[in-house]
Amino acid sequence: DTEGLLRIKEENQKHYRRAQRHQEKKEKIQRHNRKLGDLVEKKTYDLKTQYEHLANLRRSHILELTSVIFPIEEVKTSMRDPADVSSESDNAMTSSTVSKLAEARRTTYLSGRWVCDDHNGDTSISITGPWIILPNNGDYSAYYNWVEEKKTTQGPDMEHNNPAYTISAALCYATQLVNTLSLILDVNLPKKLCNRQVNEFCGENLSRHRFTRAVKKLNANILHLCFSQHVNLDLLHPLHTLRNLMYLVSPDTENLGR
């Protein structure tokens, strides 16, 4: 029994010395983890600072781009509200009639269905200048209607103020701006727009199907950029090409450049 007790004491001493070594390793590992944690925290702060600096650079480049090369502005129209005109001619008009006229004014027949648009008739959006505008409600039917008329009309086209020209030019500039913004923001676009497609709007006369498809791709890319920069969703409309772009590059967009 005495010999067994001595063996047990020796084994306990060995376990104790081993436990001390494990404790020292544990403390060493903890010190190492604390150093790594401090380093990661410092690197994370440096990375966040670099992201903020990069976002500010992107923001300044975008604001310079949209103020010098691609300015986007709201162009007021002189159209009067039919409810106001009618109420002046008929003082006995009821409030329900006025509200119905106002509602009709905010409704547009677009691509076979009625679309509600609060900005309809009030404004248009211009790009690169007040003479290159797009209808605010997204109705670009003037373009393919003009293409259909050109198929049946012979001779040179002398209508330089044709709205189809301004629509195609505005869409071409918008496509160029979207491609440039995707490069500055380092955001991959869901719909690929190569140089051929950029020049598509200002090149040959597109059929209604090709034109509508190209506009849908452009609108999808614009919405994707707006989502990536956390633009207020309440401001966006899937058909408002230039208005969505205007909200995207606005100085009031807090997350522009993220």
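Helices (H or I, at least four residues) and strands (E, at least two) are DSSP runs, numbered from the N terminus. This is a predicted model, in which local features need pLDDT of at least 70, side-chain atom pairs count only at pLDDT 80 or more, and totals for chains, interfaces and linings use all residues. Residues are numbered from 1 along each chain as its sequence is written, and side-chain values use heavy atoms, with hydrogens and water left out.

View 1. Along the sequence the order is α-β-α-α-β-β-β-β-α-α-α-α-α. The protein has 258 residues, and 34% of them count as buried (under 20% relative accessible area; exposed is over 50%, partly exposed in between; 1.4 Å probe, protein chains only). A contact means heavy atoms within 4.5 Å. Among contacts with a separation of 6 or more, 66% join residues 24 or more positions apart.

**View 2. Helix α1 covers residues 2-68.** Its 67 residues reach 97 Å from first C-alpha to last. That is close to the expected 99 Å (1.5 Å times one less than the number of residues). Buried residues of α1 include Gly 4, Ala 55, Arg 58 and Arg 59. Ile 62, Leu 65 and Thr 66 are also buried. The buried residues of α1 pack against β1 (72-76) and α5 (163-185).

**View 3. The largest cavity holds about 40 Å³ of space.** On a 1 Å grid over the protein atoms alone, a cavity is a set of points where a 1.4 Å probe fits but cannot get out; lining residues have an atom within 4 Å of a point. The lining comprises Ile 125, Leu 134, Pro 135, Asn 136, Tyr 140, His 240, Thr 241, Leu 242 and Arg 243. β5 (133-135) and α8 (241-248) each give two or more residues to this lining. α8 gives the most, with three.

**View 4. Asp 186 has a positive phi, near 60°.** Most residues other than glycine have a negative phi. Asp 186 sits in the loop between α5 and α6 (195-198). Asp 186 is exposed, at 60% relative accessible area.

**View 5. His 230 also has a positive phi, of about 60°.** His 230 is not a glycine. His 230 lies in the loop between α7 (208-228) and α8. His 230 is partly exposed, at 47% relative accessible area.

Note on methods: On a 1 Å grid over the protein atoms alone, a cavity is a set of points where a 1.4 Å probe fits but cannot get out, and a pocket is an open set with protein on both sides within 12 Å along at least five of seven lines; lining residues have an atom within 4 Å of a point. Grid points are joined across faces, edges and corners, and a volume is the space filled by probe spheres set on the points.
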